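The stops below are given in the order in which to select them.

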Amino acid sequence: MQIAQNSVVAFHYTLTNDSGEVLDSSEGREPLTYLHGSGNIIPGLEKELEGHQSGDKLQVNVSPEEGYGEKQEALVQEVPRDAFQGVESVEPGMQFQAQTQGGPLMVTVTQVEGDTVVVDGNHPLAGQKLNFDVEIAEVREATNEELEHGHVHGEGEEGHEH
């Protein structure tokens with residue numbers, strides 16, 4: 001079966017940046033499984049997997065526009081240290097959920113200087129070209145329940161609550 005709209009796809013992957021540094025991998029884990037066409041993975045990768053089948057191996061290069069987007073400088077802001085009430089020590093790399101006019105946003109602390117904290121609301125991979133080595137493990141038809149919910153249900157999850 002070929003990967004097409006509403007098929008369930010399981011694949012192994014290794015994600016690297018342009019320097020060849022491994023950013024993420026399914027090695028030693030179960031394959032990543034998603035419902036094709038439901039926006040569950042980045043658009044550039046989903047587009048390139050279409051038409052492939054179980055056993056296929058491919059390399060996919062995804063531009064920032066089809067990955068996590070370009071880095072938006074407006075999402076990098078300085079905030080006062082007292083905005084982190086109840087947090088004893090604020091350090092670079094820590095992540096917090098910020099409440100914004102557009103709703104909740106995950107931010108990462110990038111710098112702490114005195115009473116000023118710089119946070120970045122961009123996805124950590126925004127602005128980066130992403131390189132995937134992929135091996136398709138399985139392609140199957142989605143169940144009616146998976147189609148209704150818009151995502152894959154793992155084994156033993158039938159009738160699970162949302």
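Select Asn 17 and display its surroundings. Leaving aside neighbours within four places in sequence, Asn 17 is in contact (heavy atoms within 4.5 Å) with Leu 23, Gln 128, Lys 129 and Asn 131. Asn 17 is found in the loop between E1 and E2; helices (H or I, at least four residues) and strands (E, at least two) are DSSP runs, numbered from the N terminus. Asn 17 counts as buried because its relative accessibility is 11%; buried means under 20% relative accessible area, exposed over 50%, and partly exposed in between, with a 1.4 Å probe and protein chains only. A polar atom of the Asn 17 side chain lies 3.0 Å from the backbone nitrogen of Ser 19. For a polar contact, the cut-off is a pair of N or O atoms within 3.5 Å; within protein, one must be able to donate a hydrogen and the other to accept it, and residues adjacent in sequence count only if both atoms are side-chain atoms.

A note on the model before moving on. This is a predicted model, in which local features need pLDDT of at least 70 and side-chain atom pairs count only at pLDDT 80 or more, while totals for chains, interfaces and linings use all residues. Residues are numbered from 1 along each chain as its sequence is written, and side-chain values use heavy atoms, with hydrogens and water left out.

Colour by pLDDT, the predictor's confidence in each residue, from 0 to 100. The chain average is 92, and 95% of the residues score at least 70. Over residues 156–162 pLDDT stays under 50, and the model has eight contacts beyond four places in sequence for them.

Next, select strand E1 (7–16). Eight of its 10 residues are buried, so E1 is largely enclosed by the rest of the structure. Which strands pair with E1? Two strands pair if DSSP finds at least two bridges between them.
- E9 runs antiparallel to E1, and 10 bridges join them; Thr 16 has Asn 131 in E9 as its bridge partner.
- E3 is also antiparallel to E1, with four bridges; the partner of Val 9 in E3 is Tyr 34.
- E2 (residues 22–25) pairs with E1 in the antiparallel sense over three bridges; Thr 14 stands opposite Ser 25 in E2.

E1 and E2 form a hairpin with five residues between them, and Gly 20 in the turn has a positive phi of about 85°.

Step back to Asn 6, in the segment before E1. Asn 6 has a positive phi of about 70° although it is not a glycine. Most residues other than glycine have a negative phi. Asn 6 is partly exposed, with a relative accessible area of 33%.

Now show the aromatic rings. Rings of Phe, Tyr and Trp (its six-membered ring) pair if their centres lie within 6.5 Å; planes under 30 degrees apart count as stacked, over 60 as edge-to-face and the rest as tilted. By this rule the count is three aromatic pairs. The Phe 11 and Tyr 34 rings have centres 5.9 Å apart and planes at 85°, so this pair is edge-to-face. Phe 11 in E1 and Tyr 34 in E3 (residues 32–35) are 23 residues apart, and the pair links distant parts of the chain. Both Phe 11 and Tyr 34 are buried. Phe 84 and Phe 96 form another edge-to-face pair, at 4.9 Å centre to centre and 65° between the planes. Phe 84 sits in the loop between E5 (76–80) and E6 (95–100), and Phe 96 in E6; both are buried. Phe 11, Tyr 13 and Tyr 34 form one aromatic cluster.

Select the largest nonpolar core, which has 19 residues. A nonpolar core is a set of buried Ala, Val, Leu, Ile, Met, Phe, Trp, Tyr and Cys residues joined through side-chain atoms within 4.5 Å. Phe 11, Leu 45, Leu 49, Phe 132, Val 134 and Ile 136 have the most contacts inside this core. The elements giving two or more residues to it are E1, H1 (43–49), E4 (57–62) and E9 (130–141); E9 gives the most, with five. Centre on Leu 49: beyond four places in sequence, its contacts include Ile 3, Tyr 34, Ile 41 and Leu 58. A second, separate core of eight residues includes Val 79, Val 90, Phe 96 and Val 119.

Finish at Gln 53, in the loop between H1 and E4. Gln 53 touches Met 1, Gln 2, Ile 136 and Val 139, not counting residues up to four places away in sequence.
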